[in-house]
Amino acid sequence: MEKLPPKVIEFDAIKKERLNKDGCQCGCQAQYLVDEANMIVKCQRCDARVEPFQALLVITERASRYNQQIKKMHEQREAIQSYKPHRVTLKKLEQQYNRSSRGKANLGTKLYPCCPSCKEPFELDEIVDNWIGGINIQQQLYSRQNKQRRDEDKHT
């Protein structure tokens, strides 16, 4: 390029800005570089100049998404920590009991739990005070459950 007269200014900076008029298209993947001296924000990925307010919007949206993910993770953590398998069985038992004891008008339709060994029906009140424990009891339960599974497998 020829040497310009002393009072003529080059417009390379303006041309360059016109090329980047569309701005950053990186969206949430943008990585911003703040030039404090020139008071501009640029995307490090595509080297496009970004309006500071637009960059602020993208950053706050990103932070909001992170906060939502962290909140969901905390909820999942609490659910895992408070999970008690025996409560699932008790909840199912309660639902079955509530479903079967609706309305006194439907006499004869109430369902009762049955003993898994002898198939004899009983009221839930009968088992409230009759709890026993110990390793021998667990072994008896497991052997009875295994025997029932084997018997079911033979029939199928």
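**View 1. The hairpin of β1 and β2.** Four residues lie between strands β1 and β2 in this hairpin, where M39 takes a positive phi near 55°. This is a predicted model, in which local features need pLDDT of at least 70 and side-chain atom pairs count only at pLDDT 80 or more, while totals for chains, interfaces and linings use all residues. Residues are numbered from 1 along each chain as its sequence is written, and side-chain values use heavy atoms, with hydrogens and water left out. Strands (E, at least two residues) and helices (H or I, at least four) are DSSP runs, numbered from the N terminus. β1 and β2 pair in the antiparallel sense over four bridges; two strands pair if DSSP finds at least two bridges between them. L33 has K42 in β2 as its bridge partner.

**View 2. The hairpin of β2 and β3.** Here five residues separate the strands, and D47 in the turn has a positive phi of about 60°. Strand β2 (residues 40-43) is joined to β3 by two bridges, and the two run antiparallel. K42 stands opposite R49 in β3.

**View 3. The open sheet.** The three strands have the order β1-β2-β3, with antiparallel pairing. β1 (32-35) and β3 (49-50) each have a single partner strand, so one side of each edge strand is left without a neighbour in the sheet.

**View 4. A nonpolar surface patch.** F53, L56 and L57 make a patch of about 320 Å². Such a patch joins nonpolar side chains (Val, Leu, Ile, Met, Phe, Trp, Tyr) within 5 Å, from residues with over 30% relative accessible area and no salt bridge; a salt bridge is a side-chain nitrogen of Lys or Arg within 4 Å of a carboxyl oxygen of Asp or Glu. Areas come from the Shrake-Rupley method with a 1.4 Å probe, and for residues only the protein chains shown count as cover. L57 lies in helix α2. At 39% relative accessibility, L57 counts as partly exposed, the class between buried (under 20%) and exposed (over 50%).

View 5. pLDDT is the predictor's confidence in each residue, from 0 to 100. Where pLDDT is low, the predicted coordinates should not be read in detail. The protein chain averages 80, and 81% of the residues score at least 70. Along the sequence, the elements follow the pattern α-β-β-β-α-α-α.

Note on methods. Patch = residues over 30% accessible without salt bridge, like charges linked within 9 Å, V, L, I, M, F, W, Y side chains within 5 Å. Buried < 20%, exposed > 50% of the residue type's maximum accessible area, 1.4 Å probe, protein only.
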